[in-house]
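Have a go at each task before reading its solution.

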Amino acid sequence: MQTLTVGLTERSYPIYIGSNLLGCAELLLPHLPHKKAAVVTNTTVAPLYLDPLRATLQAHGVSIIPIILPDGEQHKNAETLGLIYDALLSHRCERNTPLIALGGGVIGDMTGYAAATYLRGVPFIQIPTTLLAQVDSSVGGKTGINHPLGKNMIGAFYQPQVVLADITTLNTLSDQELRAGIAEVIKYGLIRDLSFFEWLEQNMEKLLARDADTLKYAITRSCQNKAEVVAADERENGERALLNLGHTFGHAIETGMGYGTWLHGEAVAAGTIMAADLSCRLGWLSKEDADRIHSLFQRAGLPVVAPALSVEKYLQLMELDKKVVGGKIRFVLLKSIGCAVISGGVEPELLRQTLVANGAHD
């Protein structure tokens, strides 16, 4: 087992990465002093992992309140969030009752937001069961829900007590979901870790084949990168915004197509290709680097062409991005592989060219 730490002074917390961790009660019990917890999961994950987690905790006298939500990005909304509050209130959960998120990014984001707001804040534990959640969304304390007009526009920064990344849960992940997680793994190499990008070029097929050691290394290296960025800039006032490479375009794709039509990682992949294209048009990224990026996403089986929404629609949706300042869209772009920057005031014609070249229509 690997143990990392997200260093946030008194709110620091461990990330445990390894196999068969759902059976390791000793990793969770220090965070469950009152022997009671609510486990928030969904209809896909519950039949697979709720009972093993319940058995682990009940063997040590911890009682569990299961809250099982519908599965899918289309349910990451205020209505579904209300189901969590309903269960917590009906079971009279108190301020010392932790919420455990057992599932992917949607479950983690919603459970975290419920924890941040129920009784003005209760403890929160992340047990991510998808690759995307293990390498990205479970770490760093971003929580929230979607709105019909924009993705993740309602939320809070609220850190978990502990993150338990059990690699064994990835055995039941679909190939499509695995590939979606790889999009976020590639992101870390692109924004700040050239040697990791080169490692991914050499090991992509082993990653897709779910080789345990390869997965463990990719998850650990990704979490190391995320933990360093979050420790330096918890509330995204600077460097943390670089973690949004591809997300300005990607969130527009998710919202424009309807939540759940494209997986988050798929939209980020197409969005990253667009960000690389725009970086080239600005004269920053070399054509050779852009081709390497395109090739790696393609080898990962991820989309490299965006859906055919209109240019006007893309612009309208991107103007709702959280990085907009003074009405101007700010983009995370690349100077080279391993070096990302935040740029505002991109020339509208260059942006239009990028959109049209990558799937949008006038």
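Predicted model: local features only at pLDDT ≥ 70, side-chain atom pairs only at ≥ 80, totals over all residues.

**Exercise 1. How many aromatic pairs does a search of the whole structure find, and how are the rings of phenylalanine 196 and tryptophan 199 arranged?**

Step 1: the search turns up four aromatic pairs (Phe, Tyr or six-membered Trp rings with centres within 6.5 Å; planes under 30 degrees apart are stacked, over 60 edge-to-face, the rest tilted).

Step 2: take phenylalanine 196 and tryptophan 199. Their ring centres are 5.8 Å apart and their planes sit at 25°, so this pair is stacked.

Step 3: Helices (H or I, at least four residues) and strands (E, at least two) are DSSP runs, numbered from the N terminus.

Residues are numbered from 1 along each chain as its sequence is written, and side-chain values use heavy atoms, without hydrogens and water.

**Exercise 2. Find which residues touch the most other members of the largest nonpolar core.**

Step 1: know what you're looking for: buried Ala, Val, Leu, Ile, Met, Phe, Trp, Tyr and Cys residues joined through side-chain atoms within 4.5 Å.

Step 2: the largest core has 76 residues, and Ile186, Ile293, Phe297 and Tyr314 touch the most other members.

Step 3: zoom in on tyrosine 314. Skipping neighbours within four places in sequence, its contacts (heavy atoms within 4.5 Å) include Ala252, Met274, Pro307 and Leu355.

Step 4: apart from this core lies another, of 23 residues, with Leu32 and Ile127 among them.

**Exercise 3. Work out which residues of H3 are buried and what covers them.**

Step 1: H3 covers residues 78–90 and reaches 18 Å from first C-alpha to last, close to the 18 Å expected (1.5 Å times one less than its number of residues).

Step 2: the buried residues are Thr80, Leu81, Gly82, Ile84, Ala87 and Leu88.

Step 3: their cover includes strand S3 (36–42), strand S4 (63–69) and helix H4 (105–117).

Step 4: look past the helix: arginine 92 follows H3, with a positive phi near 55°.

Terms used
Buried < 20%, exposed > 50% of the residue type's maximum accessible area, 1.4 Å probe, protein only.
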